[in-house]
Amino acid sequence: MSTMAATCVMKQVEERHVAVEITKCVWSPRMDLVAIANVQGQVALHRLSWQRVWIISPPGEEVKVMGITWRPDSKVLAIAYSSGDIILVDIEDSTPVHKLEMKCNITSLSWSQHVPASQEASSSQPEFEDVSGIYLPKLPPLAKTYTGATERNEESTEDNRLLRDQNILNMLVIGTAAGRIDLYAFGLFHCGWIDITTHLPYASEILDAVMSHDLNMISAVVSSGQGENKEIVCVTVETVLLAYRHKELLRLAYKYGQIYNLMTYTNHTLQLITEAWESILLEMDHKLASYAGNVKGGGVSADFLDLLVFGITTPEFDIFISNKLTEKGIKKLNHSIELSYSNIRKLVLKHVQTVGQALVYHLGQVVGLARRTDRFGMLGVEEHLVTAAVREAGAFVMKAIELQQVTDASMNNFRAFLRWLYLVVVRKMGEQIPAEMSKTTQQDVTYITEFLHDSLEECQVGPDGEVRSRFKLEKVGQYLKDENLTYPSDNDQNPWVKFLAEHPNLQNHELIFPHHHEKSLVQEHKNLAKVLNQMAAHPAEVISQALQVHSVVPLMKIEEGVSFKISQMSCPRENKVFSVVLPMVPSGQPVMYLSQWSTNSQDLVGETKKIPGPQQQISVSPFIFSTLDVGLSRSHDASRRSSFSLMEVSPPMHILDVQFYTDETLSLLMCEPSDISAQQQSMTPQPQTAYFVQLSVGAASAELSPLTVYGGRCVADLDIPCLDATNLVDPNGYRRLEHCSAVQLAVSGSRKVALVLFESRKRVRLFEMEVDEDEDDEDEDETQRESIINVSGVSEEMNETL
């Protein structure tokens, strides 16, 4: 690895105060955006200038943020909450695009992207190309409510934001307090897990877990044991199967993501259909409930039938018709219910059937993948599970077609009923009936009779136990309940139904969709979701069996309550994963452990490494930093640049935080040990000077010691001498931050930005890194030039004097 010196040239951009204490800060890897979480569970997105883009509240009261991580392309932010939920948020408008329910405490969250090998990266052929748009019609946009069906109010849910522009496999890695690590491709498709407790019985929580760039391994830092036996353990997990079949996994995850999006679309559609149906019931209740409350159960239907057949009415019914059902009221009722029926018909015809056909198409493609057992078999794609899902999707489409037919028939019955009721009211009022409406055919009478028999009235027990009459539209409403149909559709005369009845052996053929006459549309949808979940869960079960713990290395013993700063980085150039573990011990020597792990598949699946044995190999060294005694000097080739000489002084510097800036540079936040002592002895905040240090990872890794750990011995007990990392820091590799009582940092080497959080957690400083001072000197005024120098605590006047 290159040991090029890491320089630290910083320019302060902003220093701001906030009203609520900050708990977590994470920079975007692609944009100058930083995600901030506070103690109230809120998450805000800020620009480098500290302009707030948006802020979102927690999903419940007393819910805290446990972790934040960016998708590698910075378009999605994953937020883990103390409720056990992980919400994926689109950063464009803070819209939640997916939710994972882990049902346990989440202790680690990271998102890694696969970096193809050089020969794959150079290939111009895409790994996967989705062509479904050529064969499938575009899904109609869905309104937020069925009444808002205008183009301006509609929102398109077809375009799955989680899959947009996703051509490279990425993996969301989740660690839990139960010692389990879960993997989600695209943050959506559950493709495996491993329970560390099966290999390390006393493991408690995953402190940090990251996947290597080549998908060959997972590097995890785990807490194990309790009380005096508590220790920190480094665990590596071999995941070579994911790397070996990454192209297949990409295609499979993308396809399952499309299916999930279609099911989400279907859920929304069914909700809108139910709202439209309930709106019709409300309209009926509003117009007829006052009369229904004055008659016995069934009396409303009987009165309407008497009026239809004999032309007679009771005095109560006559008063109701004369006073409540006006000509204008009937027209308004007709318009409202006609609109609701039309919306139901539109949703079923244009939305449910379209999305059902798309489901059948995508599942059919998965069947094709399942038949490639040489490529997808080892990923757990089973043809019989996918075929069962195809049949259920077909059954769902057929039930939607049946609902459309029933809806059309119900609309005819309702139109005929309201038309007849309008004529009755006009006659009662003594007005002239239009000629085109005066005739009532036998077909109209049949429609009216069916409506009165099936749709008009039912009894319901209220909260107070009183039996009340209400109105129903059972012919349509029965399809929107999670129960068998009350009035199944009569399809006995259908030629296809007759053919299947005569040949029962064909009914279970995989190419023939079943038609469950007694099932409702909601039941069919529920069965489809169940089968799809079974189909999607099987690959995770199969892949999980291939994940194996490669090594288990105890790092150190710790006391209860000790916290840790952990940072890990995968380096594609060297095929290594670097891990930094920093115990935040209040008393004692501040020691930072740096270790490295090889990600080469040959090392991970070698004969001697299939099962963790008594010998574990690790390259690790503990580091300390001697006191940085600041000496100022002028550089001949860089004006206004302060350089510092390094002197070894005891006791060592106190390390406040550590984080990888890039895979070549490690950023550290430190302070003088005297500042820590002053803070502990004083009840009031003391002025403090922090040091921002950039350490070359190559230089530090060259000092690591290859070790063989036997049995359960800790690395800290092997009497390895601590190395002074101060000698590895370039003279221009750190800066002094005056009047900065720091506690935490956040850095991003890809965006060249940094953030320092003060001890109060209500004040932040933001910096631009790697600033070219020579180019800025001509354009910046005196104040701007001082802002760069003042970061190190040295004024320009002092610099000129020295």
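Q: At what angle do the axes of helix 9 and helix 13 cross?
A: In this predicted model, the axes of helix 9 (residues 383-428) and helix 13 (residues 521-546) cross at roughly 160° and come within 9 Å. Axes are lines fitted to C-alpha atoms, for helices over the stretch in contact, with angles from 0 to 180 degrees between N-to-C directions.

Q: Why is helix 9 called roughly antiparallel to helix 13?
A: Angles over 145 degrees count as roughly antiparallel (under 35 is roughly parallel, 65 to 115 roughly perpendicular, the rest oblique). The angle here is roughly 160°, so helix 9 is roughly antiparallel to helix 13. Their crossing is left-handed, a word used if the near helix is turned anticlockwise from the far one by less than a right angle.

Q: What makes Phe186 count as buried or exposed?
A: Buried means under 20% relative accessible area, exposed over 50%, and partly exposed in between (1.4 Å probe, protein chains only). Phe186 has 1% relative accessibility and therefore counts as buried. Phe186 lies in the loop between strand 14 (180-185) and strand 15 (189-195), and its phi is near 60°, a positive value in a residue other than glycine.

Q: Why does Ser94 count as buried?
A: The relative accessibility of Ser94 is 17%, so Ser94 is buried. Its place is in the loop between strand 8 (85-90) and strand 9 (95-101).

Q: Why is Glu664 called partly exposed?
A: Glu664 has a relative accessible area of 32%, which means partly exposed. Glu664 lies in the loop between strand 28 (654-660) and strand 29 (665-671).

Q: How many helices and strands does the protein chain have?
A: The chain has 19 helices and 36 strands. Helices (H or I, at least four residues) and strands (E, at least two) are DSSP runs, numbered from the N terminus.

Q: How do you know which residues and atoms count?
A: Residues are numbered from 1 along each chain as its sequence is written, and side-chain values use heavy atoms, without hydrogens and water. Local features need pLDDT of at least 70 and side-chain atom pairs 80 or more, while totals for chains, interfaces and linings use all residues.
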